[in-house]
Amino acid sequence: MQKEKKELIKKFKVVIEDLMDNYEEYTDEEKAQIKEIFQKVADLNTLLDKYDIDVEIDWREYSEAYGQYFGMMLY
């Protein structure tokens with residue numbers, strides 16, 4: 001299970017880097033698709049917070065990082 005988790009994290013990081021490497025050149029539609037995907041991931045993460053009983057997440061940090069890429073805050 002730990003190996004699967006590490007592999008998923010590795011693949012996710014590669015995909016994020018690949019999505020963002022030419023972000024400035026993307027069309028508005030392509031940028032909107034990326035924003036939608038990241039918002040769905042953020043929504044899923046919120047749903048899964050019930051498993052993070054001992055871990056407190058600072059969503060402001062995530063929102064600030066999101067805002068740096070897309071120029072908008074999540075909340």
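Guide: A residue is buried under 20% relative accessible area, exposed over 50% and partly exposed in between (1.4 Å probe, protein chains only). The model is predicted: local features need pLDDT of at least 70, side-chain atom pairs count only at pLDDT 80 or more, and totals for chains, interfaces and linings use all residues. Residues are numbered from 1 along each chain as its sequence is written, and side-chain values use heavy atoms, with hydrogens and water left out.

Visitor: Why is Lys 40 called exposed?

Guide: Its relative accessible area is 53%, so Lys 40 passes the cut-off for exposed. Glu 36, at 46%, falls in the range in between and is therefore partly exposed.

Visitor: What makes Glu 36 and Lys 40 a salt bridge?

Guide: The term asks for a side-chain nitrogen of Lys or Arg within 4 Å of a carboxyl oxygen of Asp or Glu. Here the N to O distance is 3.4 Å, so the pair qualifies. By this rule the count comes to 1 salt bridge.

Visitor: How far apart are Glu 36 and Lys 40 along helix 2?

Guide: They are 4 residues apart, which means a separation of about one helical turn. Helices are DSSP runs (H or I, at least four residues), numbered from the N terminus; strands are E runs of at least two. The chain has 3 helices and 0 strands.

Visitor: What does Lys 31 touch, not counting residues up to four places away in sequence?

Guide: Tyr 23, Glu 24 and Tyr 26, where contact means heavy atoms within 4.5 Å.

Visitor: What makes Leu 44, Leu 47, Leu 48 and Tyr 51 a nonpolar surface patch?

Guide: Patch residues have over 30% relative accessible area and no salt bridge; nonpolar side chains (Val, Leu, Ile, Met, Phe, Trp, Tyr) are joined within 5 Å, like charges within 9 Å. Tyr 51, at 61%, therefore passes the area cut-off. The patch covers about 450 Å², an area from the Shrake-Rupley method with a 1.4 Å probe.

Visitor: Which residues form the patch of negative charge?

Guide: Glu 17, Asp 18, Asp 21, Glu 24 and Glu 25. Each charge is placed at CG of Asp or CD of Glu (NZ for Lys, CZ for Arg). Asp 18, in helix 1 (residues 2-20), has 52% relative accessible area and is therefore exposed.

Conventions: Lys, Arg positive; Asp, Glu negative; His and termini not counted.
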